[in-house]
Amino acid sequence: MPDCIANSPHSWGKFGYGYGATCLYGDAGILPASRILANGTLKERLSLLQLGPILGLGDGHEAIDLLCLVGATVAFLGLITRAHCRLVSFIVMWSVYFSLVQISQSFRQQADHLLLEAGFLCILLAPTRLSDRRHPMEDIALLLLKWLVFRFMFASGSVKLASGCPLWWSLDGLKRHYETMPLPTSYSWYTYQLPDAFHRASTIYVYLSELVVPWLFFAPSRAVRRFALWWHVFLHLNIIGCGNYGFLSPLVLTLMLTLLDDDDGVVAWLHERLSDEPRRTVVSRGKGHNQSKVADVDRYGGRLVKGITLLMVAGSWLCFSVGSTDEGQLTLKPSFSRDQYLNFMQTMIRAAPLLVFVLMVKKFLKLLSSQDSVGSLAEGMRQFSKNLGLLISTIVAFTVFFMSIVPHSRLLPSTSISSPVMTRAYAGLHSLYVVNQYGRHLTKMRPMRREIILEYSDDLNGTWSEYGFQYKPWTIERAASLPYGWLYFPRFDFKFYDGSGSKTDAQKWIYPLIQRLLEHQRPVLDLLDGRHIPAQAPKYIRTSLYRFSYTSFADGNFWTRERLTDYFNVFSQDDTHLREKLKQMNFRLSADESSSGSWNWLLRMLLDAIRRFVGAIEGSYLLVGVFIAAGMLIYTQQQQQRTGQST
């Protein structure tokens with residue numbers, strides 16, 4: 001099983017982080033990393049970027065480029081060959097990505113937290129030497145990965161109704177979500193046009209996906225777990241189609257491969273196409289007796305799946321009253337109250353960790369029983385030395401599990417753990433993003449879509465022109481309003497979604513952005529649509545708040561928009577308010593100062609050349625090209641292996 005997931009969850013994020021990273025965190029970027037490394041907290045100083053001056057790169061964009069390049073290279077090698085999916089590789093990838101996340105500041109997203117937590121658990125799975133075949137901790141680590149994806153999905157669903165948002169309770173939240181999501185695509189526009197009854201039924205499907213189906217992850221029946229997997233494959237393919245969430249959904253789907261067994265047909269198919277080593281049967285692992293038990297459980301797997309499906313349909317029918325309007329349209333609405341829902345959720349939140357704990361203890365006892373017996377003290381000492389790493393891994397695994405109960409319990413105030421020992425321990429692991437809290441998004445749907453539009457002019461009383469964006473809605477032109485980013489995560493455009501829904505002072509990153517635009521800094525301009533930027537630095541910049549609304553099929557565009565108000569006042573280079581805000585942020589006004597310790601001119605020239613080459617390719621195309629290249633290399637290796645075997 002680890003052969004399928006050990007091709008690195010980190011690949012999804014590692015490849016998507018480097019493109020545009022220096023535009024955000026470089027010396028001439030919006031939030032320079034050097035500011036954090038010099039003035040940040042102790043947690044934010046724990047970064048490999050601090051090694052930049054030792055290598056002669058300083059703490060500027062060259063050091064960021066080097067980390068991105070190292071991480072992407074290790075991830076790519078792990079993706080194309082199993083020989084590089086080892087403990088050292090996973091430690092390097094996790095350390096590099098953690099260092100990059102430390103400098104992400106305002107542009108940090110929950111996808112980064114999920115990737116770091118999953119990557120840490122994969123370290124428990126990774127073998128130490130090339131000769132190692134299976135890690136003894138495999139079963140426990142895979143269970144923790146299931147628990148992670150369970151927590152993520154369950155948290156995403158539980159907060160919707162718990163928030164009391166009227167749109168989620170009326171089952172209209174999903175339709176509103178298509179219009180107000182951070183970076184919608186044309187798929188979301190077309191889906192938005194479907195009848196309201198379809199959207200309400202789809203909302204019930206989402207509730208089932210996030211609140212009911214995750215419990216099937218722990219089912220003993222292989223058929224039931226496979227049913228849960230394909231259910232979520234359909235869900236996340238729709239999520240990928242309707243929004244630009246980057247590597248988030250592909251990462252979740254990769255983690256869900258833990259629902260499959262070694263001898264599952266899907267795993268066998270993946271192994272034949274992705275592995276560069278012959279596949280071994282599960283019998284060699286000494287599980288022949290257990291296989292018969294699994295076969296007995298799975299003999300009725302098809303009937304179990306049908307029974308579960310019928311129960312979910314019947315439960316949905318009872319929990320969501322089905323009716324019709326005078327016009328004959330189907331209506332759906334919850335038949336339970338918010339208090340009833342909260343009481344039920346309290347039970348579910350408390351039951352989930354207990355279930356996983358029982359399964360972990362069971363797997364731990366099985367691990368102990370598989371250890372070799374010793375006949376003398378000397379043999380015992382050698383066995384203890386051999387299993388010392390296993391002991392440490394077991395302690396780490398159980399520690400991570402117990403600390404993960406803290407954020408899981410916070411889904412409701414009534415279930416939150418108040419123990420200072422637990423909360424302090426969780427805070428320590430969370431500072432390393434080993435354990436994180438999820439489900440804070442989509443709690444309350446926005447009643448309308450508001451967008452921040454950047455405008456520039458050389459005359460206060462003259463014509464104002466708009467900066468263009470690559471992914472964020474900013475114009476009503478159909479060709480430039482709903483693009484696809486695929487695996488690429490456009491953090492810059494994504495962040496405007498948070499800004500449009502909060503107060504101006506809560507989004508302090510906009511002040512450095514305006515300063516960089518007034519300076520006409522090329523790295524920041526590269527984050528925008530190059531066809532809609534001024535030829536030279538403008539004298540004035542203002543931000544306006546617009547309301548965007550989806551059109552109907554009869555209209556020629558995706559959006560209609562109207563200006564609501566000013567988001568910020570007009571700013572210029574000598575604006576006192578702007579300079580005061582930048583001073584409070586310890587923001588360096590001049591981007592021309594070189595980072596201290598930048599003496600390795602040869603390595604800097606090499607990194608600059610790579611950056612220019614990579615920067616010439618649009619982010620989504622770059623990532624698609626990388627994965628196509630990986631697929632071609634894997635296919636070539638397989639063909640060479642088969643040719644060698646035939647001769």
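This is a predicted model: local features need pLDDT of at least 70, side-chain atom pairs count only at pLDDT 80 or more; totals for chains, interfaces and linings use all residues.
Residues are numbered from 1 along each chain as its sequence is written, and side-chain values use heavy atoms, with hydrogens and water left out.

**Overview. The protein chain has 28 helices and 6 strands.** Helices (H or I, at least four residues) and strands (E, at least two) are DSSP runs, numbered from the N terminus. Of the 647 residues in the protein chain, 53% are buried, where buried means under 20% relative accessible area, exposed over 50% and partly exposed in between, with a 1.4 Å probe and protein chains only. Among contacts (heavy atoms within 4.5 Å) with a separation of 6 or more, 75% are between residues 24 or more positions apart.

**View 1. Trp 509 in the loop between α23 (491–500) and α24 (510–519).** Trp 509 counts as buried because its relative accessibility is 1%. Residues up to four places away in sequence aside, Trp 509 touches Ile 30, Leu 31, Ser 106, Phe 107, Phe 492, Lys 495 and Phe 496. The C-alpha atoms of Trp 509 and Ile 30 are separated by 7.0 Å, although the two residues are 479 residues apart along the chain. The side chain of Trp 509 is also joined to that of Gln 507 by a polar contact of 2.7 Å; a polar contact is a pair of N or O atoms within 3.5 Å, of which, within protein, one must be able to donate a hydrogen and the other to accept it, and residues adjacent in sequence count only if both atoms are side-chain atoms.

**View 2. The packing of helix α6 (residues 61–80) with helix α27 (residues 601–615).** The two helices pack at an angle of about 70 degrees, with their axes 10 Å apart; axes are lines fitted to C-alpha atoms, for helices over the stretch in contact, and angles run from 0 to 180 degrees between N-to-C directions. Helices α6 and α27 are therefore roughly perpendicular to each other, given that angles under 35 degrees count as roughly parallel, over 145 as roughly antiparallel, 65 to 115 as roughly perpendicular and the rest as oblique. On the α6 side the contact is made by His 61, Glu 62, Asp 65, Leu 66 and Leu 69, and on the α27 side by Arg 604, Leu 607, Asp 608, Ile 610 and Arg 611.

**View 3. The packing of helix α9 (residues 138–162) with helix α15 (residues 248–255).** Here the angle is about 140 degrees and the axes lie 9 Å apart, which makes α9 oblique to α15. Leu 145, Leu 148, Val 149, Phe 152 and Met 153 of α9 meet Leu 248, Val 252 and Leu 255 of α15. Because 8 of the 8 residues of α15 are buried, α15 is largely enclosed by the rest of the structure.

**View 4. Ile 140 in helix α9.** Ile 140 counts as buried, at 2% relative accessibility. Neighbours within four places in sequence aside, Ile 140 is in contact with Met 360, Lys 363, Phe 364, Leu 367 and Ala 397. Ile 140 and Met 360 are 220 residues apart along the chain, and their C-alpha atoms are separated by 6.3 Å.

**View 5. Thr 415 in the loop between α21 (388–409) and α22 (420–430).** Thr 415 is buried, with a relative accessible area of 9%. Not counting residues up to four places away in sequence, Thr 415 touches Gln 346, Ile 349, Arg 350 and Ser 409.
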